[in-house]
Amino acid sequence: MKKFLLLSLMVIVPLLASAQVKFATVRLQEIFEMMPETKEANKTLAELAKKYEAENINLKTEYEKKYTDYVRNRKDMPQNIRARREQELVLIAQAIDDFMKVAQNDVAHQQEVLMAPIKAKLMEAINAVGAEGGYAFVADEAQLLYRGVNFEDITLFVKAKLDLL
């Protein structure tokens, strides 16, 4: 998709250059990281990840205790008890793996949920600045392979629109 966008820009830019069309770049990541909403979302995500990590540690501690007890006592256990304890250890290990997968998925989902309105707000500001400035194209500076002299950096205008200055 990025290649298609860049190729399209490479074809369209020379065609439109003769029509005095204005082009702009913006440093999306820089602005995104400056937004207070992003900082708050990252804090929320870090707290969520910390809770999952604490639970993971508890599960692993439980597993280690049961495993240590099993290793220490397995010689004296009847076959049935030893088989049940081995099965219990396998189930706990699987539960830990399942828990970590659920935790990772939940953190990723929460990240999407928390970041979506922030990204929308940023895009709204870029669209507003682009429309106000009469720009035909606004591209993320990080995605450009080449930037000619006809591109204007509107990062400061977008920051101002978001009250980040």
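Trainee: In this predicted model, does Phe-23 count as buried or exposed, and at what relative accessibility?

Mentor: In a predicted model such as this one, the cut-off to keep in mind is that a residue is called buried when its relative accessible area is under 20%. Phe-23 falls under that cut-off, so the residue counts as buried, and its relative accessibility is 2%.

Trainee: How many residues of strand β1 are buried?

Mentor: Strand β1 covers residues 22-26, and Phe-23 lies in this strand. The strand as a whole is mostly covered, and the number of its 5 residues that are buried is 4.

Trainee: What is the order of the strands in the open sheet?

Mentor: The two edge strands, each of which pairs on one side only, are β2 (135-140) and β3 (151-153). Strand β1 pairs in the parallel sense with β2 over 5 bridges, and with β3, again in the parallel sense, over 3 bridges. The open sheet of 3 strands therefore reads, with parallel pairing and under the rule that a pair needs at least two bridges, in the order β2-β1-β3.

Trainee: By what angle are neighbouring strands of this sheet turned against each other on average?

Mentor: The pairing in this open sheet is parallel, but neighbouring strands are still turned against each other. With direction ignored, the average angle between them is 30°.

Trainee: Which residues stand opposite Ala-24 in β2 and in β3?

Mentor: Strand β1 pairs with β2 and also with β3, and Ala-24 has a partner in each of these two strands. In β2, the bridge partner of Ala-24 is Val-138, while in β3 the residue that stands opposite Ala-24 is Glu-152.

Trainee: How far apart are the C-alpha atoms of Glu-152 and Phe-23?

Mentor: Glu-152 has its place in strand β3, and Phe-23 stands opposite another residue of β3, namely Phe-151. Leaving out residues up to four places away in sequence, Glu-152 touches several residues, including Phe-23, Ala-24 and Thr-25. Although Glu-152 and Phe-23 are 129 residues apart along the chain, their C-alpha atoms are separated by 6.3 Å.

Trainee: How is the aromatic pair of Phe-23 and Phe-137 classed?

Mentor: A pair of aromatic rings is described by the distance of the centres and the angle of the planes. The search of the whole structure finds 4 aromatic pairs, and in the one formed by Phe-23 and Phe-137 the centres are 5.6 Å apart, with 10° between the planes. This pair links strand β1 to strand β2 across 114 residues. Planes under 30 degrees apart fall in one class, and the pair is accordingly stacked.

Trainee: Which residues do ring pairs link into a cluster?

Mentor: Phe-137, which is partly exposed with a relative accessible area of 26%, is joined to Phe-23 in the stacked pair. Ring pairs extend this into a cluster, whose members are Phe-23, Phe-137 and Phe-151.

Trainee: In which helix do Tyr-63 and Tyr-67 both lie?

Mentor: The rings of Tyr-63 and Tyr-67 have their centres 6.2 Å apart and their planes at 10°, so this pair is stacked as well. An α-helix has 3.6 residues a turn, so residues three or four places apart point the same way. Tyr-63 and Tyr-67 are 4 residues apart, about one turn of the helix in which both lie, and that helix is α3.

Trainee: Against which helices do the buried residues of α3 pack?

Mentor: Helix α3 (residues 36-73) has 38 residues and reaches 56 Å from its first C-alpha to its last, close to the expected 56 Å. Its buried residues include Thr-38, Leu-45, Tyr-52 and Tyr-70. The helices against which the buried residues of α3 pack are α2 (28-34) and α4 (79-133).

Trainee: At about what angle does α4 run to β2?

Mentor: Helix α4 is one of the partners of α3, and α4 also lies across strands β1 and β2. The angle at which α4 runs to β2 is about 145°.

Trainee: Is Lys-159 buried or exposed?

Mentor: Lys-159 has its place in helix α5 (residues 155-161). Leaving aside neighbours within four places in sequence, Lys-159 is in contact with Glu-30, Ile-31, Met-34, Leu-164 and Leu-165. With a relative accessible area of 7%, Lys-159 is buried.

How values were computed. Residues numbered from 1 in each chain as written. Predicted model: local features only at pLDDT ≥ 70, side-chain atom pairs only at ≥ 80, totals over all residues. Heavy atoms only, no water. Expected span 1.5 Å × (residues − 1). Buried < 20%, exposed > 50% of the residue type's maximum accessible area, 1.4 Å probe, protein only. Contact = heavy atoms within 4.5 Å. Axes fitted to C-alpha atoms, helices over the stretch in contact; angles between N-to-C directions. Phe/Tyr/Trp six-rings, centres within 6.5 Å; stacked < 30°, edge-to-face > 60°.
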